[in-house]
Amino acid sequence: SYREMMRAGISFAAAGRLEEGLVRGLTLTEHIALATEHSAFIDWERAQALTASQIAHYQVKGRPESPIETLSGGNQQRVLMALMPETPAVMVLEQPTRGLDVDSARWIWAQILARRDVGGCILFSSDDLDEILTYADRVVVCFAGQTRIVENDDTLNAATLGHLIGGG
């Protein structure tokens with residue numbers, strides 16, 4: 001179950017921020033409260049203070065009472081990162097920088113790599129071959145029901161990776 005995966009240190013961020021990762025209509029504070037409170041009762045004062053702290057730390061352009069859908073895609077992605085544990089065992093990320101500008105994408109990767117550097121395992125998918133080549137240690141290519149593990153070394157490039165994705 002979702003709670004069991006959380007207890008095991010496994011976190012997930014869906015590609016569809018508003019469709020699967022965040023809840024349309026909820027405020028930033030309500031998102032933080034849902035992710036951090038572990039009882040039926042929410043300490044709203046504490047949740048508001050934590051949200052303000054996370055907004056500052058993750059440089060979110062929004063306020064604790066802002067509805068999540070009023071934020072830009074980059075700021076929604078920053079909120080998703082704020083909801084992720086700082087020391088995950090495993091982070092599973094679907095297209096973590098989809099639709100983001102270059103600066104926001106770099107910032108998101110800095111956050112992801114910081115979690116890796118404290119011992120977390122990062123598993124991500126991306127349509128951007130350059131992103132895969134830049135950030136993946138190992139690449140898993142899936143084609144026609146088969147998987148193939150490819151070491152991301154100096155010989156792997158976008159053309160070769162594209163060829164492998166196409167079944168080559």
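**Close-up views of a predicted protein model**

**View 1. Charges of the protein.** The mean position of the 14 positive charges of the protein lies 2 Å from that of the 22 negative charges. Lys and Arg count as positive and Asp and Glu as negative, while His and the chain ends are not counted; each charge is placed at NZ of Lys, CZ of Arg, CG of Asp or CD of Glu. This is a predicted model, in which local features need pLDDT of at least 70 and side-chain atom pairs count only at pLDDT 80 or more, whereas totals for chains, interfaces and linings use all residues. Residues are numbered from 1 along each chain as its sequence is written, and side-chain values use heavy atoms, leaving out hydrogens and water.

**View 2. Secondary structure of the protein.** Eight helices and five strands make up the secondary structure (DSSP runs numbered from the N terminus: helices are H or I with at least four residues, strands E with at least two). Their pattern along the sequence is α-β-α-α-α-α-β-α-β-α-β-β-α.

**View 3. The largest nonpolar core.** This core has 31 residues, of which Leu28, Val60, Ile68, Val79, Leu93, Val139 and Leu161 touch the most other members. A nonpolar core is a set of buried (under 20% relative accessible area, 1.4 Å probe, protein chains only) Ala, Val, Leu, Ile, Met, Phe, Trp, Tyr and Cys residues joined through side-chain atoms within 4.5 Å. Elements that each supply at least two residues include helix H5 (73–83), strand S2 (90–94) and strand S4 (138–143).

**View 4. Surroundings of Val139.** Apart from neighbours within four places in sequence, Val139 is in contact (heavy atoms within 4.5 Å) with Ile132, Arg148, Ile149, Val150, Asn152, Leu156 and Leu161.

Terms used
Buried < 20%, exposed > 50% of the residue type's maximum accessible area, 1.4 Å probe, protein only.
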